[in-house]
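Please find below a briefing on a single chain, prepared for computational work.

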Amino acid sequence: MERLTPSGWVAEGLYFLPRRLACFAIVVIISGIAGADFSFPYVGMGPFYLLLICGAAWSLGGTASFIIAIVVAVLTTMPAVSQEAELSSGILAVKLCMRLVCFGTVAIVISSFRRSFQRERYRARRDTMTGALNHQVFYCRAGKRIEAAGRSNATLLLVKLDLDDFKAINSTHG
């Protein structure tokens with residue numbers, strides 16, 4: 001997710017937290033938004049909920065973000081129940097269903113985009129035939145290991161095998 005957008009900030013912040021702590025942060029943020037939504041019902045806090053659902057979908061995955069979408073749909077329907085007592089239960093049910101569809105769709109789209117992103121990232125870093133790390137990733141990771149070993153004065157062993165005519169064997173047998 002793009003780091004320059006508010007949903008990118010939320011997603012990045014949640015992504016680097018341990019899963020339990022990220023869930024706790026989401027509960028705290030939802031509580032704050034819900035409190036503001038009940039205090040100022042005519043302002044509409046829907047966009048803030050959407051940012052949270054996007055961040056949760058990106059960092060926690062589909063199931064957790066869909067549960068959050070359900071909770072948010074119920075929370076955004078509650079001010080209508082408390083303020084508009086004359087609304088029929090049918091209209092409230094339609095409001096709830098519309099919010100479930102909207103927030104659920106956002107959660108599903110963002111989490112499926114995340115899965116696609118992870119799959120393409122994996123493929124970009126691996127050789128398609130062998131599954132081994134590609135040249136660029138290998139040298140990047142090796143450089144980091146060498147630097148870490150140098151900082152801690154640890155011994156590092158790197159073995160490179162050069163087998164004659166291995167390309168023909170690899171091409172034939174994989």
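**Surface patch and overall fold**

Phe66 counts as partly exposed because its relative accessibility is 35%; partly exposed lies between buried, under 20% relative accessible area, and exposed, over 50% (1.4 Å probe, protein chains only). The model is predicted: local features need pLDDT of at least 70, side-chain atom pairs count only at pLDDT 80 or more, and totals for chains, interfaces and linings use all residues. Residues are numbered from 1 along each chain as its sequence is written, and side-chain values use heavy atoms, with hydrogens and water left out.

**Nonpolar patch**
- Phe66 is located in helix α4; helices are DSSP runs of H or I with at least four residues, strands are runs of E with at least two, and both are numbered from the N terminus.
- Together with Phe38, Ile70, Val74, Met78 and Ile108, Phe66 forms a nonpolar surface patch of about 490 Å² accessible area.
- Patch residues have over 30% relative accessible area and no salt bridge, and nonpolar side chains (Val, Leu, Ile, Met, Phe, Trp, Tyr) are joined within 5 Å; a salt bridge is a side-chain nitrogen of Lys or Arg within 4 Å of a carboxyl oxygen of Asp or Glu.
- Helix α4 (residues 62–83) supplies four residues, the largest share of the patch.

**Overall fold**
- The chain has seven helices and zero strands.
- Its radius of gyration, 24 Å, is well over the 16 Å that the globule rule gives for 174 residues, so the chain is more spread out than a compact globule; the radius is taken over C-alpha atoms, and the rule is 2.2 Å times the number of residues to the power 0.38.
- Of the 174 residues, 25% count as buried.

Note on methods: Patch = residues over 30% accessible without salt bridge, like charges linked within 9 Å, V, L, I, M, F, W, Y side chains within 5 Å. Areas by Shrake-Rupley, 256 points an atom, 1.4 Å probe, with all protein chains shown as cover.
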